[in-house]
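Colleague: I am new to this structure and would like to go through it part by part. Please show it first.

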Amino acid sequence: MPRAITLIPIATLLAMLGPVIAGLWGTVLPAFGHLPVAGFDGPSLDPFRALLATPGIGTATRLSVTTGLLATGLSVLIVALIAGGWSGTRAFRFLEKLLSPLLSVPHAAAAFGLAFLIAPSGWIARLISPGLTGWERPPDLLILNDTFGLAMTAGLVVKEVPFLLLMTIAALGQTQPRQSLMVAQSLGYGRLTGWLKAVFPRVYAQIKLPIYVVLAYSMSVVDVAVILGPTTPPPLSVLIVKWMGDPDLGMRLLAAAGALLQLGLVVATLGLWRLGEMVVRRLGHAWIMRGGRGRLDWALQPAGLLFGGLTAAAIFAGLAGLLVWSFAGFWSFPNVFPDSFGLRTWMRHGPAAGGAFAETFWVATAVTGLALLFVIGCLEAEHRSRRKLTSSGLWLLYLPLLVPQTAFLPGLQTLLLGVGADVGRGPVIAAHLVFVLPYVFLSLGDPYRAWDTRNGVSAAALGASPNRVFWQVRLPMLLRPVLIASAVGLSVSVGQYLPTLLIGGGRVSTLTTEAVALASGGDRRAIAVYGLAQTAAALVPFALALAIPALVWRNRRGLHG
Amino acid sequence: MKHLALVAALLAPLPALANPDPADWDSVLAEAQGQTVYWNAWGGSTTTNDFIAWVGMRVAEDYGVTLEHVKLTDTADAVTRVLSEKQAGVDDGGAIDMIWINGANFAAMKDADLLFGPFAEHLPNWSVVDTEGKTVQTDFTVPVEGYEAPWAMAQVVFIHDTADLAEPLGSMQAILEWSTANPGRFTYPQPPDFLGATFLKQALVDLIEDQTPFYSAATDENYAEVTAPLWGYLDALTPTLWRQGRAYPATGPAQLQMIADGEVDLAISFSPGEATAAIANQQLPDTVRTFVLDKGTIGNASFVGIPYNSGSAAGAMIVANFLMSPEAQARAQNPEVLGYGTVLDMTALNAEDRALFDALDLGIATLSPAALGSVVAEPHPSWMTRITDDWISRYGSAQ
């Protein structure tokens, strides 16, 4: 046992990084013209030449960078304004309560909801038409799929703000913000300015890696881009996925070259962001040294709450829109509500959505179970060997989230095909694990380490072996964090689009792949059913994670957490 | 040892011979029992998905075949899959057992020997298929030769909301004039979506008098000259389109939502009954009607093909045969279900089966067979491929 447990961290690293490295390897070779299964023998630079000659490749590349930077920058700004202006207040605690549901809403469902809100024929336009606008017909405005990718950026921001806010709250717990803020305020600084000057630099150092993850993700996202992004041309990631699906196997070379471009782009943009960090640090120093007490706080503070509230409201109103559509009869513009309601859509799509729900459930459960085994094994090994996770260990943990999905998944698919590996749930589960493991680790790590070891000492003093302490004391006491980590794992798995699509070879249809496939058909009622089912699949585990400990430990108040 | 080699050579199935043998229908029936057929079909239309689910229920009842619909966003994905499998040496038990296919994808698969067959003309229901009046033996000018089985006829119609556009428009030129007078009220699916590509072909054949070049492969010599009128037309049309042509709907069905939302008044469709079906599904207002162009519109057949490495070819043939049955055909033609044209010859049916079709009410927005007018055959697939590529670099990738 002691020996076995030291192997778990290595196995975890393999499960997490193995597919990434294999996938990158499988990308590099075809990118340089080497794909023997398709009759290409490299090396050659032809794929890159073809990539450069692709019409619109410049615009597609630019879109990847601009939408990624804009989405990340806006998200960080909004989070800083909310946390700075409001942490510790009642409004903040309210937002905090909304975080779990907001986080668990899959990107695709949030994007569908947002699309119906902001389209020229969407809910917002319907609310003010024709009364305020005089629009009897929707105006011919390019809001969705706009050529600058602004709608897509908005779709990313509403999902990334909750994520970064959660990370910020965790970081705040380790930085004693209250003392610093008190000193700053007693020196006459406004609340927000004082927080930005005294607390934010320390918080930022803690949430740096999550921000990089957001940047890499936003630059290479596919599902949100398909739903909200530009189409003439689409961002680079969408082009790569299209090429992967081309009947001409030669296009795989182009896709691989595109994937390497995407990887280089993300690395370069991360470098740019770090450069930006330095500039902001300089400017920030100067700003702090000037000693301004915050004359604009009166405006910025409410702005933070407004934007924070707006991102949350966008997701909830979007989901409400989906709910209404799923029961809608004919619904013309500019009516705010459908002409009639009915169960017709649910009767039509309910059974098929149920099948996809089951598939989603099995994949997510298997992935999360495996992830828990790995993570608890790692944490227990860490505990018994008394070695802390180093900062380079933390980087390794974040690595699979920093490598763009579109860079290594195509290569992984080509590799799997090359070795004749059967498509289906197995490979999909392995691919999901790459993304689920880090999140489960991040979610469970802190509570696991924060466990009061004196409980273990007491148990050991009574004669319990380390294994018995683990099974009978530690794990039961950590029921709540373990369940929350499971909910996180499940919701991450439910939301996975690209790994399911590319690795599953079409035979694994989850709610997410079905919903995105329906996006092209534009049948809002069917999309609504799948979007809601997807949200439920991600949300219910969170509700259970809160409810189960309260039931199991109904006579152990201290364990409610 | 020599004997052994000889016996092995004799026992080895000839590559050209279909196995299982479609001519021996009883053994096909026996082999299909209990098989699972993965049908890869475009999944963007909810009405089609429902129809396929119904087919699955029926073949499970009658033949013990389990049908799984693998929903594609692009049929080319399935072609890729089979091609990659062949390259990787997966010659048996491939991931795909049946593909909804036609046109360029069929030509590509047939060319690369990726199809099982010939089987279609051995299917029992082939005897009632209308081989005279309907283009079921050529697919975009490519001879079918039994490598795919027809199951639906499609013809281009235009869906218009009479509340905003009362009168049918008789030609592509008339559509341009109307769109110029009513900017922002028309668009078409973004090529390479097949319906978007069909719109381009429809425009081309309507703009040009001499259509003979379309029925052989496009050449470097004739391509630029023949397609010049199309690009002139699109240069004039694009600024008048919905969103000035800076965004397009992804697929045909996406246009239905746009009509219902009042975003556009006119849309192209490849299914004469789609509008009626959509009205029944509350996806379109009941003021919607359809029209065809004066010179006729493009029509073709939808087929199903079986990949050469399918492990359930017998089951797939059962499904293909069931799709051609009067029961399935009448259901597909029912506008409340799909509204697809039938491939069957009404005169070859017995009275009972014909009654299934006679009982159909085609619906308010469906043109009668006579009103649908003449069908323009599909051009050679090379035209579609080249026009689509050209469209992407001209209009689909803002330079």
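Modeller: Two residues are in contact if their C-beta atoms, placed from the backbone, lie within 7 Å. The model is a predicted one.

Colleague: How many residues does the contact take from chain B and from chain A?

Modeller: Both chains give residues to the contact, and each side is counted separately. The counts are 53 residues from chain B and 43 residues from chain A.

Colleague: Which helix of chain B supplies the largest share of the side that touches chain A?

Modeller: Several elements of chain B each supply at least two residues of that side, including strand 1 (36-42), helix 3 (46-63) and helix 14 (381-395). Helix 4 (75-87) is also among them. The largest share, eight residues, comes from helix 4 of chain B.

Colleague: How many nonpolar, polar and charged residues has the side of chain B that touches chain A?

Modeller: Sorted by class, the charged residues on this side of chain B number nine. The other two classes are 22 nonpolar and 22 polar.

Colleague: How far apart do the C-alpha centres of domain 1 and domain 2 of chain B lie?

Modeller: The domain assignment of chain B gives domain 1 as 24-153 + 302-358 and domain 2 as 157-299 + 374-395. Between their C-alpha centres the distance is 27 Å.

Colleague: Which helix gives the most to the side of domain 1 of chain B that touches domain 2 of chain B?

Modeller: This contact takes 18 residues from domain 1 of chain B and 18 residues from domain 2 of chain B. With three residues, the element that gives the most on the domain 1 side is helix 5 of chain B.

Colleague: What separates the centres of domain 1 and domain 2 of chain A, and how many residues does their contact take from domain 2?

Modeller: Chain A is divided into domain 1 (1-26 + 343-561) and domain 2 (45-108 + 145-312). Taken over C-alpha atoms, their centres are separated by 24 Å. The contact takes 28 residues from domain 1 of chain A, and from domain 2 of chain A it takes 29 residues.

Definitions and conventions: Residues numbered from 1 in each chain as written. Chains lettered and ligands numbered in written order. Predicted model: local features only at pLDDT ≥ 70, side-chain atom pairs only at ≥ 80, totals over all residues. Helix = DSSP H or I, 4+ residues; strand = E, 2+ residues; numbered from the N terminus. Nonpolar A, V, L, I, M, F, W, Y, C, P; charged D, E, K, R; others polar. Domains from an automatic or database assignment.
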